[in-house]
Amino acid sequence: QVQLVESGGGLVQAGGSLRLSCAASGRAFSRCVVGWFREAPGKEREFVAQISSSGSTKNYAESVKGRFTISRDNANKLVYLQMNSLKPEDTAVYYCAADYWLRDGGHYDSTSEYDYWGQGTQVTVSS
């Protein structure tokens, strides 16, 4: 069992930066693939970024590539999403997700592929 808690959201002006954190509990976390997703009002939850259990492989949505960076600290059971050059269209609730059974090396961008979810943190980017 893995429990996830996101933090670090807030209000920022366009062009600014935020760093989201995802704190995990559970011994299996270091073997989990972890993803970040986001859900804007009236839209479906969409993939943002994914990191392998070791941190060696990362995948990003085209819309955030070059601006966002995902990383993890397995010793402290943390995953980060560094968001730079933020745009108003990045406004959404951001969710951390994890799954123990996904294999490193794959690209997992569907919400149905992840078993564990956090409660989300709001990010608002003003123009």
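Helices (H or I, at least four residues) and strands (E, at least two) are taken as DSSP runs and numbered from the N terminus. The structure described here is a predicted model, in which local features need pLDDT of at least 70 and side-chain atom pairs count only at pLDDT 80 or more, while totals for chains, interfaces and linings use all residues. Residues are numbered from 1 along each chain as its sequence is written, and side-chain values use heavy atoms, with hydrogens and water left out.

## Two loop residues with positive phi

Lys77, which is found in the loop between S7 and S8, has a positive phi of about 55° although it is not a glycine. With 28% relative accessibility, Lys77 counts as partly exposed, where buried means under 20% relative accessible area, exposed means over 50%, and partly exposed lies in between (1.4 Å probe, protein chains only). Ser85 has a positive phi of about 50° and is not a glycine either; Ser85 is found in the loop between S8 and S9 and is partly exposed at 41% relative accessibility.

## Paired strands

Two strands are said to pair if DSSP finds at least two bridges between them. S4 and S5 pair in the antiparallel sense over 5 bridges, and Trp36 has Ala49 in S5 as its bridge partner. The hairpin of S4 and S5 has 6 residues between the strands, and in this hairpin Gly42 takes a positive phi near 80°. The hairpin of S5 and S6 has 6 residues between the strands, with Gly55 at a positive phi near 90°. S5 is mostly covered, as 5 of its 6 residues are buried.

## Charged side chains

Side chains of opposite charge can pair when their charged atoms come close. A salt bridge is counted when a side-chain nitrogen of Lys or Arg lies within 4 Å of a carboxyl oxygen of Asp or Glu, and by this rule the count comes to 5 salt bridges.

| Salt bridge | N to O distance |
|---|---|
| Glu46 and Arg38 | 2.6 Å |
| Arg38 and Asp90 | 2.9 Å |
| Asp90 and Arg67 | 2.7 Å |

Arg38 forms a salt bridge with Asp90, and this pair links distant parts of the chain, with Arg38 in strand S4 (residues 33–39) and Asp90 in the loop between strand S8 (78–83) and strand S9 (92–99), 52 residues apart. Both Arg38 and Asp90 are buried. The side chains of Asp90 and Arg67 also meet in a salt bridge, and this pair likewise links distant parts of the chain, for Arg67 is in the loop between strand S6 (58–60) and strand S7 (68–73), 23 residues apart from Asp90. Asp90 counts as buried because its relative accessible area is 0%, and Arg67 counts as buried because its relative accessibility is 11%. Through shared partners, salt bridges join Arg38, Glu46, Arg67 and Asp90 into one network. Within this group, Glu46 is partly exposed at 36% relative accessibility, whereas Arg38 is buried at 6%.

## Cysteines

A disulfide is a pair of cysteine sulfur atoms within 2.5 Å, and a search of the whole structure finds 1 disulfide. The disulfide joins Cys22 to Cys96, with an S to S distance of 2.1 Å. This pair links distant parts of the chain, since Cys22 is in strand S3 and Cys96 is in strand S9, 74 residues apart. With -75° about the S-S bond, the link of Cys22 and Cys96 is left-handed, and both residues are buried. Cys32 is buried too, with a relative accessible area of 0%, but its sulfur is 9.8 Å from the closest cysteine sulfur, in Cys96, and is therefore too far for a bond.

## The nonpolar core

A nonpolar core is a set of buried Ala, Val, Leu, Ile, Met, Phe, Trp, Tyr and Cys residues joined through side-chain atoms within 4.5 Å. The largest such core has 39 residues, and those with the most contacts inside it are Leu4, Trp36, Leu81, Met83 and Tyr94. Two or more residues of this core come from each of strand S3 (18–25), S4, strand S5 (46–51), S7, S8, S9 and strand S11 (121–126). The largest share, 5 residues, comes from S9.
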